[in-house]
Amino acid sequence: MALAQKNTKRFENILELYGDLIYDICVNILWSSSLGQVAFKTTMKEIKHELKANPYFDYKRAFVLKIAYEKLGFAYQKNIKKLTPAEQIMLDTYLSLNDKINQFDSYFHRLPFADMFLLLIRDKHGLPYPEITAAMNTPEDSLKTQRQMAYRTLEEWIWETQ
């Protein structure tokens, strides 16, 4: 019984420390608060399961993010929101620069899942590369290159540079 109470306390601690971060990532990637809530609950359920399976493991933010990355990746594949051809044409041809900047979410969601995840946790939440490396299972130099390429892609779409 003491182990179950300890796991509950550890889960509550993880939820308090990282819950807002995970929820924000889920909602922003899935572009929907309702889908984000489902992905958040799924992620938290998996974390709770991991706590029961490995009660003595010291859970750090990178491990929590790794679970979020995996679970959110599945949710994203199931619920990917694609732009319609008309929306795509509008983004590519008809908008002024100010309108394109106002439609940044649409451009952001054209990026691959891993790029969105990386930009959110690095640039919005300021996480260090060593944690991101552990979460995404990608070498740090590769992440830096991936981030730079994602920004270059956004720049090309918005400012129409090649």
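How many residues apart are F113 and F117 in helix α7? I looked this up before anything else. They are four apart in α7 (residues 113-124), so about one helical turn separates them.

**Ground rules.** I'm working on a predicted model, where local features need pLDDT of at least 70, side-chain atom pairs count only at pLDDT 80 or more, and totals for chains, interfaces and linings use all residues. Numbering runs from 1 along each chain as its sequence is written, and side-chain values use heavy atoms, with hydrogens and water left out.

**Overall layout.** I find nine helices and zero strands. Helices here are DSSP runs of H or I with at least four residues, strands are E runs of at least two, and both are numbered from the N terminus. I boxed the C-alpha atoms along the principal axes and got roughly 65 × 35 × 20 Å. Of the 162 residues, 40% count as buried (under 20% relative accessible area with a 1.4 Å probe, protein chains only; exposed is over 50%, partly exposed in between).

**Rings.** A pair of aromatic rings is described by the distance of the centres and the angle of the planes. My pairing rule takes rings of Phe, Tyr and Trp (its six-membered ring) with centres within 6.5 Å; planes under 30 degrees apart are stacked, over 60 edge-to-face, and the rest tilted. The count by this rule is five aromatic pairs. For F113 and F117 the centres are 6.1 Å apart and the planes meet at 40 degrees, so I log the pair as tilted. Are they buried or exposed? F113 has 11% relative accessibility, so it is buried; F117 comes out at 0%, so it is buried too. Ring pairs also tie F113 and F117 into a cluster with Y69 and Y76.

**Charges over rings.** I counted a charge as over a ring if NZ of Lys or CZ of Arg is within 6 Å of the ring centre and within 35 degrees of the ring normal. R110 puts its charged end over the W157 ring, 4.2 Å from the centre. K48 does likewise over F11, at 5.0 Å from the ring centre.

**Core.** F117 turned up again here. The largest nonpolar core has 42 residues, and I22, I25, I29, L65, L72, F117 and M136 touch the most other members. (A core is a set of buried Ala, Val, Leu, Ile, Met, Phe, Trp, Tyr and Cys residues joined through side-chain atoms within 4.5 Å.) Elements giving two or more residues to this core include α1, α8 (129-136) and α9 (140-159). The largest share, nine residues, is from α1.

**Voids.** I used a 1 Å grid over protein atoms alone: a cavity is a set of points where a 1.4 Å probe fits but cannot get out, a pocket is an open set with protein on both sides within 12 Å along at least five of seven lines, and lining residues have an atom within 4 Å of a point. Points join across faces, edges and corners, and volume is the space filled by probe spheres on them.

- The largest pocket is about 170 Å³, and α3 gives the largest share of its lining, five residues.
- Its lining includes L30, V38, K71 and F74.
- I found one cavity of 30 Å³ or more; the largest cavity has a volume of about 40 Å³.
- Residues lining that cavity include I29, Y76, H109 and M116.
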